[in-house]
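Let's take a friendly walk through this structure together. Keep the sequence and the 3D view side by side as you read.

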Amino acid sequence: MKSPLPEDARKVTGEALQGALVDLIDLALVAKQAHWNLVGPHFRSLHLQLDEVTSAARQYTDLVAERAVAIGVTPDGRASTVAATTGLPQIEAGWVRDSDVVKKFIEIYGAVIDRMRQRIQVTAESDLVTQDILIDVTKDLEKQYWMFQAQQ
């Protein structure tokens, strides 16, 4: 695939998109893990909220991956790649209390937002179209971050 970007800009942008892809895939996986193993008095509302997290993250993975393809970069969403390169905090195996899930997702969202904001800065010079996509994704992540913080 030919890229509309110069090679150096394509490389920087591609790396930002690949990192975002990994974070978003892992966010969806961690949300499902918590969703399946959630217990506690706030089970119902948090169970539904985690489905919303998963759905949004999956939607954004597609957006990010397709942008990568559009600039001539092959996205890598394989499980082995995600496992080897994720930087997100993880949910422990087994049952997890609703209050612990809220705390963990505040931590997870803080990490992913920090990483996304770094990518926004990097793409400011390499590709404004990708930067716009990352800004939009981050805007939604920050909304979800707020919603988890409001539950403490």
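With a relative accessible area of 12%, Val96 is buried. Bear in mind as you look around that this is a predicted model. You will find Val96 in strand 2, which covers residues 96-97.

Which residues does Val96 touch, once its neighbours within four places in sequence are left aside? Its contacts are Ala34, Asn37, Leu38, Val39 and Val101. Ala56 is another matter: 40 residues separate Val96 and Ala56 along the chain, and their C-alpha atoms are 22 Å apart.

## The chain as a whole

Stepping back, you can count five helices and two strands in the chain. Followed along the sequence, these elements come in the pattern α-β-α-α-β-α-α.

How does the radius of gyration of the chain agree with that of a compact globule? A compact globule of 152 residues would have a value near 15 Å, and the chain has 16 Å, so the two agree. Along the principal axes, the C-alpha atoms fill a box of roughly 55 × 30 × 20 Å.

Contacts tell you how the chain is put together. Taking contacts between residues at least 6 apart in sequence, 80% join residues at least 24 apart.

Of the 152 residues, 47% count as buried. The accessible surface of the chain comes to about 8,100 Å², and carbon and sulfur atoms account for 55% of that surface.

Helix 1 spans residues 7-37, and Asp23 is part of it. Is Asp23 buried or exposed? Its relative accessibility is 0%, so Asp23 counts as buried. Setting aside neighbours within four places in sequence, Asp23 is in contact with Gly87, Leu88, Val112, Arg115 and Arg119.

Val22 also has its place in helix 1. Val22 is buried, its relative accessible area being 4%. Beyond residues up to four places away in sequence, Val22 touches Asp76, Thr81, Val82, Thr85 and Thr86. If you trace from Val22 to Arg58, you cover 36 residues in sequence, while their C-alpha atoms are 11 Å apart in space.

## His47 in helix 2

Next, move along to helix 2, residues 43-70, where His47 is found. His47 has a relative accessibility of 18%. Buried means under 20% relative accessible area, so His47 counts as buried. Not counting residues up to four places away in sequence, His47 touches His35 and Leu38.

## An aromatic cluster

How many aromatic pairs are there? The count comes to three. One of them joins Phe105 and Phe148, with ring centres 5.3 Å apart and 20° between the planes, and this pair is stacked. Phe105 belongs to helix 4 (residues 98-126) and Phe148 to helix 5 (residues 128-149), so the pair ties together parts that lie 43 residues apart in sequence. Phe105 and Phe148 are both buried.

Phe148 has another ring partner in Tyr109. Here the ring centres are 5.7 Å apart and the planes meet at 35°, so this pair is tilted. Tyr109 in helix 4 and Phe148 in helix 5 are 39 residues apart, and their pairing links distant parts of the chain. Both Tyr109 and Phe148 are buried. Taken together, ring pairs link Phe105, Tyr109 and Phe148 into a cluster.

## After helix 5

To finish, follow the chain into the segment after helix 5, where Gln151 has its place. With a relative accessibility of 36%, Gln151 counts as partly exposed.

Which residues does Gln151 touch, not counting those up to four places away in sequence? They are Leu46, Gln49 and Val102.

Methods
Residues are numbered from 1 along each chain as its sequence is written. This is a predicted model: local features need pLDDT of at least 70, side-chain atom pairs count only at pLDDT 80 or more; totals for chains, interfaces and linings use all residues. Side-chain values use heavy atoms; hydrogens and water are left out. Rings of Phe, Tyr and Trp (its six-membered ring) pair if their centres lie within 6.5 Å; planes under 30 degrees apart count as stacked, over 60 as edge-to-face and the rest as tilted. Helices (H or I, at least four residues) and strands (E, at least two) are DSSP runs, numbered from the N terminus. Buried means under 20% relative accessible area, exposed over 50%, partly exposed in between (1.4 Å probe, protein chains only). Contact means heavy atoms within 4.5 Å. The radius of gyration is taken over C-alpha atoms; the globule rule is 2.2 Å times the number of residues to the power 0.38. Accessible areas come from the Shrake-Rupley method with a 1.4 Å probe; for residues, only the protein chains shown count as cover.
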